[in-house]
Structures are given as structure tokens and as C-alpha cells.
Amino acid sequence: MKVTFPHMGNMYVPIKVLLDTIGIEYVMPPLKSNNSYESAIKHSPEFACLPFKSILSDFIYGIENGADFILFGGGRGQWRLGYYGDLQAEILNRLNYRAEFVCLDLSNLTVVEVLRRIGPLVEGKSIFKIISGIYYAVRTVYRVDRLNALARYTRCREVQKGQTDRIMSEFHKQVQKTNGYRCITNIIHDTVKLLRKVLKDRNYKPLRISLVGEMYVCAHPNINLDIERKLGNMGIEMHNNLTISNWITEYFIKKLIPVGLKDKSLEAGKEYMKTDDIGGHGLHTIGNCILSAKKKFDGVIHLYPFTCMPEIVAQCAFSEIEMKYNIPIMTLIIDEMTGEASYVTRLEAFVDLLAMKTRQKMSFI
Ligand code: SF4
């Protein structure tokens, strides 16, 4: 059996580690959009959000390149991801793409259920390799996120512009060409060393922006038009609240091993919505805006795909949060028609506004 999976930011790195360790063959869609994207857009319902279309295009690419097993994490929650898996399976079926479609219900995940659903994929594989694969993959998730945090810190302070981008682009090229936990770990370590060697302006005090919003769009540079890199190169220190390690902790580790830890952003969000869930990451978005203000970020960028219901609901609270916590929030809505030039103009205008606000603050001190 050959499995394929959709991209979401850097998640492909731990997935590669997992599948390589267990010895499962796979087809990995390209990191940048592939030529199945047009077909996915054409066959998706017009109300579907961008993640739906992007994920469907990865499935189509995978099947066209030999995969016969699709692994996907969906859910039965209050928002549309709850039925996206079924809808995507139906579209693929209608287009005569044949593959076993396994959609893990992230809102109700148990070890027994995971093993039952992925049974055919790991049949005949050593249990030792399966456990090692999961362990190595989880370690890799956290390592890659720490590497990204270091890249964000370095990019805005580098003296010679473009160095961080070159190092990170080489990192992705190397990882795609390499197999196995040890080799990928070595690449991560080498990249960390290179980033540490980059000459930085230690006296530079960058503006700090916190990224909040819908998980897929915030985590996937190919979909968010590389927002972290763009702002980093404008001299902004970015902080992404929607990292893959947070997602894994929330949806997998806490579900499989309930340790009773409260989600800080979810708790903070309840100040404005007296509920446990408004679907997706809506409540986290509200909470992350409040926490970002408390952590003295200069501004917040809220990112979501056109028609994303949970984020539209969350946005209702922003004017009050901006006033109460004195933090500027800019919302950017993305779909397949988003033009890069207007997107960059809005980012530049927001950065100018934050810089002006900081100058005004300093003049009063
Ligand atoms: S949270 Fe928004 S973007 Fe994500 S699947 Fe649901 S509707 Fe689509």
C-alpha cells in the first residue's frame, strides 16, 4: 500500500520520519502548489474554504502518482471540517480516483480508534518500529518548530538580508531529498548551527507581531503567501500561535494522554464568548489576541480563509479587544484569488501604523 497525505506547513517533516521509520511507502505532494490545484478548485463546492481545495489537490496529486491510501485528520466538530473528509472522498469517487480514504476524527480520537482505522497500513509491520516511528515523529515536530522560531528571531535581525531565507530554503530542499530520522535530525542540527552563525544586529529592537487565526492558513506558508518571511524581511519579529507542535499537543497528545492541562488561549477567549467551542480555532483566536496584548506585542494579524465561519464569529470581538487592551488587529482574508501585491501593501501599511504608534508612545516618555 502507498499512502499519501496533505501538507500543512512543516508537518511533512515528522510525517516523513514516521513513515520512513515504520517502512510505509508514500507519495508526498510537492510543497508548492501542484498541477492538481486547478482541478481541485474546479471540482470543489463554491462555498468550500481554501484549505478544502488545497487538501483535495494534494489527494489528487497523490493518487495520480500511485498512492492508494489517503490519511487525513478531520472531525465531527461544529464546523465544516466535520464533513470535509466525507465530501472529499465523494468528490474523488465521482472523479474515478480509487483509494482507501481514512479520515481520523480529531475531535474524538482514541488509541483504539487510530489503530483500527490505520490497520491495513501497518499490517505486518513490527510494533517496535511503529512505536519508534511515533516517538521520533513527535520529537521531530518540536525540533522543527524550534528551528522555525529561531529562523523568525534571526530573520528580522540579520545584517546581510536574505541569509535566513537561503538557509531555510536549503533546509527544505535537503529534507525532501533525505529519508530517515537520523539524517533528518542531522539536517535540523546543521541548520540550527548555520542560523546561529548568522551575523545579527544585537541593538535592533524589532516591532513584534503575533499571528492568530485559522490553523491551516497560519501554518502553511504556501497558502498564507509566506507571511512570516515577508514580515520578517521587513524587520518584524513574528510570533506564530498556530504551530504544528501546538496542534499536535492539542489534538493528539492531550486527547490520547489526557493530562488535564488547560488550554490558555481557549480559557482567555471565554472572556468574550461564553462557550467551549465556536468551531475551528475561533475561540483560540479571541484568546490569542488577548494574550498577545498581555505579552506586549505591538500588533496582531488575524488570518483566515474566505468563508471560514469560526473566524468570522471570532472577528466580532475584535473592536472591543482593540479598545480594552489597546492593541491594533488587522484581519486578512485569503482565497485562491488573493493577489500578492495588494496583500503586501496591506502588510506594509500595518507595519507603518505600528511604527508610528510606537514613535508616538516613545515621544510621551
Ligand atoms: S475552520 Fe474555517 S478554514 Fe478551517 S475547515 Fe473550518 S471553515 Fe474551513
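Residue numbers start at 1 along each chain as its sequence is written. Because the model is predicted, local features need pLDDT of at least 70 and side-chain atom pairs count only at pLDDT 80 or more, while totals for chains, interfaces and linings use all residues.

View 1. The secondary structure comes to 16 helices and 8 strands; helices (H or I, at least four residues) and strands (E, at least two) are DSSP runs, numbered from the N terminus. Along its principal axes, the C-alpha trace spans about 70 × 45 × 45 Å. The radius of gyration of the protein chain is 21 Å, in agreement with the value near 21 Å for a compact globule of 365 residues; this radius is taken over C-alpha atoms, and the globule rule is 2.2 Å times the number of residues to the power 0.38. Buried residues make up 41% of the 365. Here a residue is buried if 20 or more other C-beta atoms lie within 10 Å of its own, exposed if 12 or fewer, and partly exposed in between, with C-beta atoms placed from the backbone. Of the contacts between residues at least 6 apart in sequence, 77% join residues at least 24 apart; a contact means that the C-beta atoms of two residues, placed from the backbone, lie within 7 Å.

View 2. Axes are lines fitted to C-alpha atoms, for helices over the stretch in contact, and angles run from 0 to 180 degrees between N-to-C directions. Zoom in on strand 5 (residues 207-213) and strand 7 (residues 299-305), and you will find a parallel pairing over 5 bridges. Ile209 stands opposite Gly299 in strand 7.

View 3. Just after helix 13, Lys296 takes a positive phi of about 65°.

View 4. Of the 11 residues in helix 1 (residues 12-22), 10 are buried, so the helix is largely enclosed by the rest of the structure. The buried residues include Tyr12, Pro14, Lys16, Leu19 and Asp20. Covering them are elements including strand 1 (2-4), strand 2 (25-27), helix 6 (127-155), helix 7 (163-177) and helix 8 (181-197).

**View 5. Helix 7 meets helix 8.** The axes of helix 7 and helix 8 come within 10 Å and cross at roughly 175°. The two helices are therefore roughly antiparallel; angles under 35 degrees count as roughly parallel, over 145 as roughly antiparallel, 65 to 115 as roughly perpendicular and the rest as oblique. At the meeting place, Thr164, Ile167, Phe171, Gln174 and Val175 in helix 7 meet Ile184, Ile187, Thr191, Leu194 and Leu195 in helix 8.

**View 6. Val198 sits in a loop.** Its place is between helix 8 and strand 5. Val198 has 18 C-beta neighbours inside 10 Å and so counts as partly exposed. The C-alpha atoms of Val198 and Glu158 are separated by 6.6 Å, although these residues are 40 apart along the chain. Leaving aside neighbours within four places in sequence, Val198 is in contact with Thr154, Glu158, Gln163 and Thr164.

**View 7. Two loop residues have positive phi values.** Most residues other than glycine have a negative phi. Asp226, with phi near 55°, lies in the loop between helix 9 (215-219) and helix 10 (227-233). Asn326, with phi near 50°, is in the loop between helix 15 and strand 8. Asp226 is partly exposed, with 15 other C-beta atoms within 10 Å, whereas Asn326 is exposed, with 9.

Technical notes: Two strands pair if DSSP finds at least two bridges between them.
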